[in-house]
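Subject: Structure handover

Hello,

I am passing on the structure below, together with notes on what turned up in it. Please read the notes with the model open beside them.

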Amino acid sequence: MPTPPSVALVDYGAGNLRSVAKALERSGLAVDVTSEPSALLRADAVVLPGVGAFADARASLAAKGLDDAVLRALDAGRPYLGLCLGLQLLFEEADEHGRTAGLARLRGRIERFPARGADGARLLVPHIGWNEVRWRRDADHPMLRALPERDHYYFVHSYRASSADADAVVGWTDYGGPFAAAVAKERIFAVQFHPEKSQAAGIALLGNFVRQASPPVRVAVPA
């Protein structure tokens, strides 16, 4: 039986690690829940989850040296899956509790939902529940293979990427107006929703991540 791909599930002191770890394990990944920076480069792939405040998460990552470790893993070409805050932290900055710098791997910023939507109706914040995500079919990213054009996923958040680089956005949803539900750049893929809470739709997405995380087969070359 082949060895399952190894995934470093980043533990920076906040986030729904237990449910995410179980979902990844059910998908066929060997999960290492870790706060050790060096573990991110030993793993085949990296998953950065998170719930809560952007500024707190950013400070915790920095205090543990995990921010630099995530960036080094990205530079080394490790597949990356960001969940909720794991998407938001990729951007240049957020306006939560004042301006906070992100990891700056994607252009754009994270802003709170407005008090009212585009139609003038009052928005309930946080945005909690199932929303339809429309996938960009021309994106040709391996994480999107075999996914339907539209599907429903579970969201819990008060902030969203409102000015994301359009080239990086591969999935859109609408709550008070359209915003980025998923972004991708090379081996980076991140979603604003929670696949571990999204039933069959989330299972399909995580199945694609297993294939993305699988290291390439190396054929031995005779000496």
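**The cavity**

α1 gives the largest share of the lining of the largest cavity, three residues. Helices (H or I, at least four residues) and strands (E, at least two) are DSSP runs, numbered from the N terminus. This is a predicted model, in which local features need pLDDT of at least 70 and side-chain atom pairs count only at pLDDT 80 or more, while totals for chains, interfaces and linings use all residues. Residues are numbered from 1 along each chain as its sequence is written, and side-chain values use heavy atoms, with hydrogens and water left out.

The structure has one cavity of 30 Å³ or more, and the space in the largest cavity is about 30 Å³. A cavity here is a set of points, on a 1 Å grid over the protein atoms alone, where a 1.4 Å probe fits but cannot get out; lining residues have an atom within 4 Å of a point. Grid points are joined across faces, edges and corners, and the volume is the space filled by probe spheres set on the points.

The lining of the largest cavity is made up of V20, A23, L24, L81, L83, P195, E196 and L206. At least two lining residues come from each of α1 (17-26) and β4 (80-83). By class, seven of the lining residues are nonpolar, none is polar and one is charged (Ala, Val, Leu, Ile, Met, Phe, Trp, Tyr, Cys and Pro count as nonpolar, Asp, Glu, Lys and Arg as charged, and the others, Gly among them, as polar).

**Helix α6**

L206 of the cavity lining is also one of the buried residues of α6. Others buried in α6 include A201, G202, L205, F209 and V210. Buried means under 20% relative accessible area, exposed over 50%, and partly exposed in between (1.4 Å probe, protein chains only). Helix α6 (residues 199-213) has 15 residues and should span 21 Å at 1.5 Å a residue, which agrees with the 21 Å between its end C-alpha atoms. The expected span is 1.5 Å times one less than the number of residues.

**Strands and sheets**

Two strands pair if DSSP finds at least two bridges between them. Strand β5 (residues 91-94) and strand β7 (residues 106-112) run parallel and are joined by three bridges; F91 is opposite L106 in β7.

β8 is joined to strand β9 (residues 150-157) by eight bridges, and the two run antiparallel. Here N131 stands opposite Y153 in β9. β8 also pairs with strand β11 (residues 169-174), in the antiparallel sense, over two bridges, and W135 has G171 as its bridge partner in β11.

Strand β13 (residues 188-191) points I188 and A190 one way and F189 and V191 the other, and all are buried. Four bridges join β13 to β4 in the parallel sense, with I188 as the bridge partner of Y80. Four bridges also join β13 to β12, running antiparallel, and there V191 is the bridge partner of A182.

**Aromatic pairs**

How many aromatic pairs are there? The count comes to nine, where rings of Phe, Tyr and Trp (its six-membered ring) pair if their centres lie within 6.5 Å, and planes under 30 degrees apart count as stacked, over 60 as edge-to-face and the rest as tilted. F113 and F179 have ring centres 5.4 Å apart and planes at 80°, so this pair is edge-to-face. The pair links distant parts of the chain, 66 residues apart: F113 is in the loop between β7 and β8 (127-135), and F179 is in strand β12 (residues 178-185). Both F113 and F179 are buried. One aromatic cluster is formed by F113, W135, Y153, F155, Y175, F179, F189 and F193.

**Backbone points to check**

- V125 and P126 are joined by a cis peptide bond, with omega about 10°; P126 is in the loop between β7 and β8.
- C84, in the loop between β4 and α5 (85-88), has a positive phi near 60° without being a glycine. C84 counts as buried, at 4% relative accessibility.
- E186, in the loop between β12 and β13, is not a glycine either and has a positive phi of about 55°. The hairpin of β12 and β13 has two residues between the strands, and E186 is exposed, with a relative accessible area of 69%.

Regards

Terms used:
On a 1 Å grid over the protein atoms alone, a cavity is a set of points where a 1.4 Å probe fits but cannot get out, and a pocket is an open set with protein on both sides within 12 Å along at least five of seven lines; lining residues have an atom within 4 Å of a point.
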